[in-house]
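Here's a quick briefing to read with the structure open beside you. Take it one topic at a time, and look for each part as you go.

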Amino acid sequence: MSYQLYRNTTLGHTLQESLDELIQLGQITPQLALKVLLQFDKSINTALSQRVKNRISFKGHLNTYRFCDNVWTFVLTKVEFKENSDVLTVDKVKIVACDGKGAVQTA
């Protein structure tokens with residue numbers, strides 16, 4: 001099983017809308033759409049873990065944190081992100097971090 005976090009991205013929403021349209025037109029079955037979404041979950045998790053090499057640092061004030069089902073959630077305020085010499089400051093950010101090594105990949 002892969003994490004389904006990326007279904008809430010623009011790419012994930014667009015894929016789901018396209019699959020829904022294909023189901024309504026009778027061109028694919030709901031079962032096939034589910035298989036496509038599961039493959040998307042696996043592929044996006046694999047691509048991000050293996051292909052993205054950029055590093056960024058950040059600091060801010062920790063407002064709240066939570067650890068549940070191997071998922072960390074942090075809410076920070078007055079956050080400063082740094083990449084090389086570029087700096088971006090935001091008032092509030094929510095970070096969700098999942099243990100990718102603990103996720104079981106199914107075929």
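Let's start with helix H2, which covers residues 30-51: at 1.5 Å a residue, its 22 residues should span 32 Å, and its end C-alpha atoms are 31 Å apart, so the two values agree. Keep in mind that this is a predicted model.

- After H1 comes Gly26, which has a positive phi, near 75°.
- Which residues of H2 are buried? They are Ala33, Leu37, Phe40, Asp41, Lys42 and Asn45.
- Here's a handy rule for reading a list like that: an α-helix has 3.6 residues a turn, so residues three or four places apart point the same way.
- As for what covers the buried residues of H2, H1 is part of the answer.
- Let's pick out Asp41, which sits in helix H2. Is Asp41 buried or exposed? Its relative accessibility is 2%, and buried means under 20%, so Asp41 counts as buried.
- Now look from Asp41 over to Leu88: the two are 47 residues apart in sequence, and their C-alpha atoms are 29 Å apart in space.

**Loops and their residues**

- Ile56 lies in the loop between H2 and strand S1, which covers residues 57-68.
- Why does Ile56 count as exposed? Its relative accessible area is 54%, and exposed means over 50%, so Ile56 falls in the exposed group.
- Even so, Ile56 does have partners: leaving aside neighbours within four places in sequence, Ile56 is in contact with Phe81, Lys82 and Glu83.
- Check out one of those pairs: Ile56 and Glu83 are 27 residues apart in sequence, but C-alpha to C-alpha they are 5.0 Å apart in space.
- Asn70 is in the loop between S1 and strand S2, and S2 covers residues 71-83. The phi of Asn70 is positive, near 65°, in a residue other than glycine.
- With a relative accessibility of 43%, Asn70 counts as partly exposed.
- Asn84 is in the loop between S2 and strand S3, and S3 covers residues 86-98. Asn84 also has a positive phi, near 55°, and it's a residue other than glycine.
- Buried or exposed: which is Asn84? Asn84 is exposed, since its relative accessible area is 77%.

**Inside the strands**

- His61 is in strand S1. Not counting residues up to four places away in sequence, His61 touches Val75, Leu76, Thr77 and Lys78.
- How far is His61 from Glu80? Their C-alpha atoms are separated by 9.8 Å, and they are 19 residues apart along the chain.
- Ile95 has its place in strand S3. Its relative accessibility is 22%, so Ile95 counts as partly exposed.
- What does Ile95 touch, not counting residues up to four places away in sequence? The list is Phe58, Trp72, Thr73, Phe74 and Leu76.
- Ile95 and Glu21 are 74 residues apart along the chain, with 32 Å between their C-alpha atoms.

**The protein as a whole**

- A compact globule of 107 residues would have a radius of gyration near 13 Å, but this protein has 17 Å.
- Along its principal axes, the C-alpha trace spans about 50 × 25 × 25 Å.
- What share of the 107 residues counts as buried? The answer is 19%.
- Take the contacts between residues at least 6 apart in sequence: 41% of them join residues at least 24 apart.
- The protein exposes about 8,500 Å², and carbon and sulfur atoms supply 54% of that area.
- On the charge side, there are 13 positive and 10 negative charges, and the mean positions of the two sets are 7 Å apart.

Terms used. Residues numbered from 1 in each chain as written. Predicted model: local features only at pLDDT ≥ 70, side-chain atom pairs only at ≥ 80, totals over all residues. Heavy atoms only, no water. Helix = DSSP H or I, 4+ residues; strand = E, 2+ residues; numbered from the N terminus. Rg over C-alpha atoms; globule rule 2.2 N^0.38 Å. Buried < 20%, exposed > 50% of the residue type's maximum accessible area, 1.4 Å probe, protein only. Contact = heavy atoms within 4.5 Å. Areas by Shrake-Rupley, 256 points an atom, 1.4 Å probe, with all protein chains shown as cover. Lys, Arg positive; Asp, Glu negative; His and termini not counted. Charge placed at Lys NZ, Arg CZ, Asp CG, Glu CD. Expected span 1.5 Å × (residues − 1).
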